Structure formats: C-alpha cells, structure tokens
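Hi everyone, thanks for coming. Let me put the structure up on the screen, and then we can walk through it together.

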Amino acid sequence: MDMKVVILGAGGHGVSLAYHLVKKGFKNVTIIEKTRINYGSSGRNAGRFRYHFYTKENVEFAKEAIPYLLRMCRELPLNPVCMKTGYLWILEDERALEAMKRNDSLWKSLGVGGKFMDCSEFDYLKSDGQCYLAPQDGSFHHDYLTFGLYEEIKGQVTMITGEADKLLFSGGKVRGVRVKENVIDADAVVVTLGAWSGKFMAQNGIRLPIEPEKKEIFITEDLKYRVKPLVITSKVYFSHTLKGEILGGVEDKRERGFLDFDVSYERLSIFLKDVRRLVKGAEGIRVLRGWGGYYEMTPDHSHVMGFSSTWPEGLYVDAGYSGHGMMFSPYSGKLMADLIADGVKSRFIDVFGPERFEKNRLVDERMVI
Ligand SMILES: Cc1cc2nc3c(=O)[nH]c(=O)nc-3n(C[C@H](O)[C@H](O)[C@H](O)COP(=O)(O)OP(=O)(O)OC[C@H]3O[C@@H](n4cnc5c(N)ncnc54)[C@H](O)[C@@H]3O)c2cc1C
C-alpha cells in the first residue's frame, strides 16, 4: 500500500496503529515521537485491565477490547504477562454500596457481573465491611505490550524523533506535518498524542477537548501477603506486582495542566497510610519509588476515536482515554487501522467520535480509576 500515514506519538496507541497498518501491508508508515517510545502515560501506568465501567458504551467497548488484549498477550514476541487477578472495591459506606448495586445490575445485564462479598473473606485485608469482586479484570505489563508490538514492525516503519508542531493542509485535505524545519508529507495524519493531543490540535486551530490531569503512583517494598486483585477505595487503589510489592496511587482530582512529573510527599503519605491501614502485615512498609504521569481527560471521561466532518480530510484522532487507555491500545489500533486502510467504520467510532462534543452526545463515564 502506497498511502502515506503519519502517526503522531509513540505511546501504546500510536505503536498499535502502526502495527496494525503494517500487518495490512502498509509500506509507508511514519511515527513521529518527541522523546522516546512509551515516554508518556503508556510508560507510567498501573498496567491493569477491566470490563467494569459506569456506562454501557465503555463496558461494550471493553468486552471487545479486553479479549483482544489477551489475544495479543499470547501472540506478541515479548510477554506482557496478562493475568486475571480481579478488581476489588471496598464499599466504605451506604452510598458506595448503593452505587455499586446500580453498577452490578448494569454489569450483570451485560454478562460481566461480579459478586458482593464480606471483605473478611480476603485474607490480606484488615477491613471487615462490604466488598465487591469483579473477577474478570486483571493485570499486564504496559512496556512489554508496546515494545512487543514495536518488535514486530521495527524496520518496517520510519521512526522520527522530534516534536510535531504544525499540521499542513490545503484544499480541505491533510498534506503533512512539520517537525522543526522539516516537512513530512502525508495522506493521513493520526493524532495519538495522549494528554498532549488537545494542545497540539489547539495549536492548529482545532478544538479537541483533551486535557492533562497529573497523577502519582508508587511502589512499596514487597510484602508477605499477596494482594491479588486491584483494591479500590474512594481514596486509593493498589495491588501487588509479580514480585509482591504493592503498586498503587491516590484517587484525587487536581488542576488540569502539564505539571511536573515529580511526586509529592502529601500523596505518598495518603497512599502509604491507606496501604498500612488496609493490608495485613503492611504496618511498617516503606515506599521504594514513585513517579508522575498524566490522565488524558475529556469532558465525559471517555476516549475520542475517528474523525470529524469539520476537519480536513485525512486527519484522525485516537486519544483521551483518561486512566484506562493502556488496556485499550491494541484494540483501538486495530479499529483505527480498519478505518484508515479499509474504510471500515466500527460502531464505536460513531459512539466515541469527536463530533459528540459539538452534538452534545456525551457518554457520561464516571468510573475513572
Ligand atoms: C498513573 C497512571 C496510571 C494508569 N493506569 C492505567 C491502567 O492501569 N490501565 C490502563 O489501561 N491505563 C492506565 N492509565 C492510562 C494509560 O496509561 C493511558 O491512557 C495510555 O497510556 C495513553 O496512551 P497514548 O498512546 O494515547 O498516549 P501516551 O502514552 O501519553 O503517548 C503520547 C506520546 O506523544 C508524545 N508527544 C507529545 N507531544 C508530541 C509532539 N508534539 N510531537 C511528537 N510526539 C509528541 C509523547 O512523548 C508520548 O510518548 C494510567 C495512566 C497513568 C498516568
């Protein structure tokens, strides 16, 4: 295939799209990345997957995307170690319990129901209240996923290190991208810039409501008790790594913007305090390391994939996954490749397309973890 496709950003989504285009026989695929593969959120996440969202639309997307992720885990040359470990919500008060009953009934109707349980049934927890276990969910390693995809196509795509700053278009069509003083010609340009997508589009006069929200995440020393599922409270989430350390973060909202990637003592102590409070044997545990990253926030906490009829022809986007984009990267790369290469428009591209913001068809996802 001679069509020139330029992909902006080498995170999970950009690399996955490149992988799927190459598998379809595309010979002219270029990725432009300002820093390095997985520099953004794709190298800074918790590596968890789930079917369980607040909206039917996102559960239905996950029902296609997660089996696809699990299939890629089996097929890729590097092993992302996909495992079903479950998600476990600690329902700390009546409100949390009522909210979970509503979710449970949606999830059951979509075939991914979980189970209300007494928290004391989990030997690693100190809590004895009500819990909800979603056993279908799990974990994987994000770096091995992206690098596994890249391993399959390196040498077959052009990788340019540099910051894309300007979209070039004429006659209503995309013509290329400018990287410093160089122009890279393109028949199609795909914006997979994660948290930077809104900024890049704004620079080019196009409104795409995606903003960064900084998050911090920590890893402790390893622990005797294995916290198998991802445990979620209203304040923190955590789970064990393969080695038995506790990996997790704080559930808080903060101002939007490109804040520094450092970690704060304040969030480290919230995380550590809750792990020590909730996990048996974690009383004196310390943090080994921590880092920052961005969730890519849209007004309805759901991703943006496809194109808009008001954009230049040949311009596409796949971004804005808030805190759940890593697990979706293999499948969204496939859907975007089907669209660009074959003109096959999945029903999800109608649901999650960028025009929903103008047409007021928001998805109303509320379960950002
Ligand atoms: C703390 C944390 C925990 C998370 N936990 C999970 C989880 O458990 N499960 C899950 O599925 N998801 C999780 N996520 C979300 C997930 O990481 C992201 O949704 C996903 O990685 C986004 O991938 P991406 O390829 O769209 O963007 P990114 O990985 O951010 O890639 C964008 C790339 O674009 C590059 N770039 C930016 N501007 C330019 C430019 N102008 N020119 C060229 N290149 C540029 C950046 O350097 C970057 O490499 C988490 C995120 C964070 C921060």
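Before we start, a word on domains: their bounds come from an automatic or database domain assignment. Here, the chain is divided into domain 1 (5–49 + 143–210 + 300–359) and domain 2 (84–137 + 211–297). Taken over C-alpha atoms, the centres of domain 1 and domain 2 are separated by 30 Å.

Please keep in mind that this is a predicted model, where local features need pLDDT of at least 70, side-chain atom pairs count only at pLDDT 80 or more, and totals for chains, interfaces and linings use all residues. Residues are numbered from 1 along each chain as its sequence is written.

So how do the two domains meet? Counting a contact when two C-beta atoms, placed from the backbone, lie within 7 Å, 18 residues of domain 1 are in contact with 13 residues of domain 2. On the domain 1 side, strand S3 (48–49) and helix H5 (197–203) each supply at least two residues. By class, that side has six nonpolar, ten polar and two charged residues. For these classes, Ala, Val, Leu, Ile, Met, Phe, Trp, Tyr, Cys and Pro count as nonpolar, Asp, Glu, Lys and Arg as charged, and the others, Gly among them, as polar.

Now to the ligand. How many residues surround the ligand? There are 42, and the closest are Gly 11, Gly 40, Gly 194, Gly 293 and Gly 325. The shell divides into 17 nonpolar, 18 polar and seven charged residues. And where does the ligand lie relative to the domains? Domain 1 and domain 2 both give residues to the shell, so the ligand lies between them.

Finally, the chain overall. You can find nine helices and 20 strands in the chain; these are DSSP runs numbered from the N terminus, with helices being H or I of at least four residues and strands E of at least two. Along its principal axes, the C-alpha trace spans about 65 × 40 × 40 Å. For residues 4–339, UniProt lists "domain: FAD dependent oxidoreductase" in an unreviewed entry; its positions are in the numbering used here, feature names are shortened, and annotations may be inferred rather than shown by experiment.

Notes:
A residue is near a molecule or strand if its C-beta atom, placed from the backbone, lies within 6 Å of it.
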